[in-house]
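Please look over the sequence and the structure shown below. The briefing that follows takes up a helix, a sheet and some salt bridges in turn.

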Amino acid sequence: MAESEVDLESEMYEKHREAGEILSQVREETAERVEVGASHLEIAEYAEDRIRELGGKPAFPVNISIDEEAAHATPSIDDESTFGEEMINLDIGVHIDGWLADTAITVDLSGNPELAEAPGEALEAAIDVIEPGVETGEIGAEIEDVIDGYGFNPVVNLTGHGLGHWEQHTSPNIPNRAVSQGTELEAGDVVAIEPFATDGGGKVTEGASEEIFSLEREGSIRNRQARNALEQITEEFRTLPFATRWLETDRAEMALRRLKRNNIVHGYPVLKEDDGFLVSQKEHTIIVTEDGCEVTTA
């Protein structure tokens, strides 16, 4: 889009802003409730219910990542986990009619304040350089520089990303380290910048558990529970990620297994730091403006 064609006051951008405003309130309220002994499931449901009360809808299940977990961890329907003296990342999303905002914050109960602080400072440094024409590789260099300065490593195989309509991850990818081949940002781009820092080597791999899924393709299936689940998925979540615990059909886990076997949905395994080291995270959604950027989730 040429700069002159971008109307940042259009309905689409207003909905991105509204989603961001709801999200910033919910992020702060939810983070305040995280303490030793609090329930993962209650925290996730509190945030998701608050989003709905404030007029939005969850764009994906609340991610609660503990210690070496970096992403895609959300409580199961009968989850009894409680917080200990751990590093906790909350990653929360809101949409208004499919227009998204995405944010994350680390709540450190583990006694590693510098690791918890590093991605936040890296995020501020990244936001400072964003304007039309800046390359995503330059943004990654700012992030890497700050995290290196703290003596930690950025997680290199996780990136920030564009936010589309009903699409949580679109181009451009925004690396958390310097890369020579980048994409130029343009006025009107809506992107999530999300630095991850670790005291480990800086790579994540897939774990075994999956509680988050999204629709891969339309399809038909004979099993009644799977059919009920598919109906809810296509009507309510469309292409956005959802949690097993959101499904209203009985025997939801079995229904999902069938849908997955038929390649109708795909799962998101929990991502963990390779060597089992701690991971921290901070994320904001921004709109690139004619002369800089606007943080919708501040």
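Which residue just after α4 takes a positive phi? That residue is G151, with a phi of about 90 degrees. This is a predicted model, in which local features need pLDDT of at least 70 and side-chain atom pairs count only at pLDDT 80 or more, while totals for chains, interfaces and linings use all residues. Residues are numbered from 1 along each chain as its sequence is written, and side-chain values use heavy atoms, with hydrogens and water left out.

**Helix α4**

- Helices (H or I, at least four residues) and strands (E, at least two) are DSSP runs, numbered from the N terminus.
- Helix α4 covers residues 136–149, and its 14 residues reach 20 Å from the first C-alpha to the last, close to the 20 Å expected at 1.5 Å a residue, where the expected span is 1.5 Å times one less than the number of residues.
- Among the buried residues of α4 are I139, I143, V146 and I147, where buried means under 20% relative accessible area, exposed over 50%, and partly exposed in between (1.4 Å probe, protein chains only).
- The cover over the buried residues of α4 includes α3 (113–129), β5, β7 (167–174), β8 (190–193) and β9, with contact taken as heavy atoms within 4.5 Å.

**The sheet of β5, β9 and β13**

- An open sheet of 3 strands has the order β5-β9-β13 with antiparallel pairing, and two strands pair if DSSP finds at least two bridges between them.
- The edge strands, each pairing on one side only, are β5 (153–154) and β13 (279–281).
- Strand β5 is joined by 2 bridges to β9 (residues 196–198), and T198 in β9 is the bridge partner of N153.

**Salt bridges**

- The structure holds 10 salt bridges, each being a side-chain nitrogen of Lys or Arg within 4 Å of a carboxyl oxygen of Asp or Glu.
- K15 forms a salt bridge with E11, their closest N and O atoms being 3.0 Å apart, and these two residues, 4 apart in helix α1 (residues 11–33), are separated by about one helical turn.
- K15 is buried, with a relative accessible area of 16%, whereas E11 is exposed at 55%.
- D97 also forms a salt bridge with K15, with the closest N and O atoms 2.6 Å apart; because D97 lies in the loop between β3 (87–96) and β4 (99–108) and K15 in helix α1, the pair ties together parts that are 82 residues apart in sequence.
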